[in-house]
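Please keep the sequence and the model in view while reading.

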Amino acid sequence: MAVTVKSAKEIELMREAGRLLEIVHDEMGKIIRPGISTMDINECGDKTIRRLGCVPNFLNYGGFPASICVSVNEEVVHGIPRRDHILKEGDIVSLDAGLIYKGYHSDAARTYAVGKVSDQIQKLLDATKQSFFEGIKAARAGNHLFDISAAIDDYISSFGYGIVQDLVGHGIGTSLHEDPQVPNFRQKKRGMKLVPGMTLAVEPMINLGTWEVVWQQDQWTVTTKDHKPSAHYENTILITEGEPEILTLHI
């Protein structure tokens, strides 16, 4: 497993890549409402990334045909934006986006309510987001990689939700996907030891029902097997000497 530990200069570049991606998410979040298409969101994200002087890292990655993954309701991840896919009141939409700044990648995802959603769905959104923060409490130098996985699992298990197992988080740096893989569910071992300078994309994908997923005919879109809604929350983080630093979110 070739895990990269970033230098001080590389960390500064990744910090800026993360800051810029947060701006992209903020801009996309502003337009979420019933009546817009998933392609409208993609175009907003693409335009903002380029305006900031960056490159969308998802576009043409492995053949993906868009700059933003826009996944609605039972779509877990990798939803392909379409002009004819119109958001309606009560939907949820997950936006997964990334960019390249001076050769360094950032990656983050958010799930938004479209108008008013049911209490059941809002609880799913809130729990998915909080599971990320529960997970990174363990993301400290000296702890182990799968301590993050266990913390996410422990939190989500109390809700009875399904944790997607076919897709996981990952290392990130000069490549969008680097070692190590970061599962969102408990592992038998604790995994490698975390050291300062590691950068990880931690991304719980949580389903209202079963954890099982299906790849659709487009070979990209992943949906829940039982067609129940799914939520996704992701940030790029930096392991430090103390608390982890969230590079794509400034609280």
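In which loop does Gln-219 lie? The model is predicted, and in it Gln-219 lies in the loop between β11 (213-215) and β12 (222-224).

**Positive phi angles**

Gln-219 is not a glycine, yet its phi is positive, at about 70°. A positive phi also occurs at His-227, likewise a residue other than glycine, with a value near 65°. His-227 is found in the loop between β12 and β13 (230-232). Gln-219 counts as exposed because its relative accessible area of 60% lies over the 50% cut-off. His-227 counts as exposed as well, at 60% relative accessibility.

| Residue | Phi | Relative accessible area |
|---|---|---|
| Gln-219 | about 70° | 60% |
| His-227 | near 65° | 60% |

**A cis peptide bond**

The peptide bond that leads from Asp-179 to Pro-180 is cis, and its omega is near 5°. Pro-180 belongs to strand β8 (residues 178-182).

Strand β9 spans residues 199-202 and is covered on both faces. In a regular strand, side chains alternate between the two faces of the sheet. On one side of β9 are Thr-199 and Ala-201, on the other Leu-200 and Val-202, and all of these are buried.

Strand β9 pairs with β7 (residues 169-171) through two bridges, and the two run antiparallel. Within β9, Ala-201 is the bridge partner of His-170. Four bridges join β9 to strand β14 (residues 235-238), again in an antiparallel arrangement. There, Leu-200 has Ile-237 of β14 as its bridge partner.

Note on methods
Residues are numbered from 1 along each chain as its sequence is written. This is a predicted model: local features need pLDDT of at least 70, side-chain atom pairs count only at pLDDT 80 or more; totals for chains, interfaces and linings use all residues. Side-chain values use heavy atoms; hydrogens and water are left out. Buried means under 20% relative accessible area, exposed over 50%, partly exposed in between (1.4 Å probe, protein chains only). Two strands pair if DSSP finds at least two bridges between them.
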